[in-house]
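Subject: A structure for you to look through

Dear colleague,

I am passing on the structure that we talked about, and I would be glad if you kept it open while you read the notes that follow.

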Amino acid sequence: MLFIMFLMRLLIIIIDFLFLFYPVILVRNHKNDLQPDVLLKDQNMDFKPQIVAFLCKWCSYTGADLAGTSRMEYKPNVRVVMVMCSGRIEPTFILNAFLKGADGVLVCGCHPGDCHYQEGNYRCLRRFLLLQKYIQQMGIESERLKLEWISASEGKQYAELINGFTGTISGLGPCKIRETMKVIPQT
Ligand code: FES
């Protein structure tokens, strides 16, 4: 009889224990479920976009230089490639930049009518419009490729452009094209 009472007492203690700690166990498991999301969020917060900017020598590169010499503050995520004219930028330059790790590509040239090679920037514009459509087909968001006209005196505009574009790319997150290329069978 005493043994049965002892067993019942033990059972009551176990049931009390479960009622008391079960919600705590549930919350802990729930937290563990959320952990990957939290980690993902932290990773996104750490994301530093890599941007490649192709700048024409006569206008945009000089504008970027002006922003630097005027000590204007802008984001340091940009690697500049100077070209003689925006018309020199071949589509493969841009595609290779994405394939080699760029999260965004910026193309800058002289304002329409100011190209030192007459119509280089008009050619660039035509290629850009086609390329924006093409990269979408490859799974790259069109916002990752941007074209702007920057003159030699527009250092402030250049700094603002870099800050704005870096913000856009930060919002989009890392470019996924390299992962896509890994699953495409190579011929
Ligand atoms: S020289 Fe600047 S776009 Fe042609």
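Helix H3 (residues 91–99) lies across S1, S3 and S4, and its direction makes an angle of about 150 degrees with that of S3. Please keep in mind throughout that this is a predicted model.

The strands that H3 lies across belong to an open sheet of four strands, which has the order S2-S1-S3-S4 and parallel pairing. Because S2 and strand S4 (145–149) stand at the edges and each has a single partner strand, one side of each is left without a neighbour in the sheet. On average, neighbouring strands of this sheet are turned by 20 degrees against each other, if direction is ignored.

You can follow the pairing strand by strand. Together with helix H4 (residues 120–137), S3 and S4 make a right-handed β-α-β unit. Although S4 stands at an edge of the sheet, this strand is mostly covered, with four of its five residues buried.

Which residues have the most contacts inside the largest nonpolar core? This core has 42 residues, and those with the most contacts inside it are Ile51, Ala53, Cys56, Val105 and Val107. At least two residues of the core come from each of S1, H2, S2, H3, S3, H4, S4 and H5. If you select Ile51 and leave aside its neighbours within four places in sequence, you will find that Ile51 is in contact with several residues, among them Val78, Leu106, Phe165 and Ile169.

Helix H2 (residues 60–69) deserves a careful look as well, since seven of its 10 residues are buried, so that this helix is largely enclosed by the rest of the structure. The buried residues of H2 are Ser60, Tyr61, Thr62, Gly63, Ala64, Leu66 and Ala67, and what covers them includes strand S1 (51–56), strand S2 (78–83), strand S3 (104–109) and H5. Just after H2, the chain reaches Arg71, which takes a positive phi of about 55 degrees.

Glu160 has its place in helix H5 (residues 155–172), and Glu160 counts as partly exposed because 14 other C-beta atoms lie within 10 Å, whereas a residue needs 20 or more to be buried. Glu160 and Met72 are 88 residues apart in sequence, while their C-alpha atoms are 9.5 Å apart in space.

Met84, in turn, is found in the loop between S2 and H3. Is Met84 buried or partly exposed? Met84 is partly exposed, with 13 other C-beta atoms within 10 Å. Leaving aside its neighbours within four places in sequence, Met84 is in contact with Cys56 and Lys57. The C-alpha atoms of Met84 and Tyr117 are separated by 9.2 Å, although these two residues are 33 residues apart along the chain.

With best wishes

Definitions and conventions: Residues numbered from 1 in each chain as written. Predicted model: local features only at pLDDT ≥ 70, side-chain atom pairs only at ≥ 80, totals over all residues. Buried ≥ 20, exposed ≤ 12 C-beta atoms within 10 Å, placed from the backbone. Contact = placed C-beta atoms within 7 Å. Pairing = 2+ DSSP bridges. Axes fitted to C-alpha atoms, helices over the stretch in contact; angles between N-to-C directions. Right-handed = clockwise from strand over helix to strand, strands pointing away. Core = buried A, V, L, I, M, F, W, Y, C linked by C-beta atoms within 7 Å.
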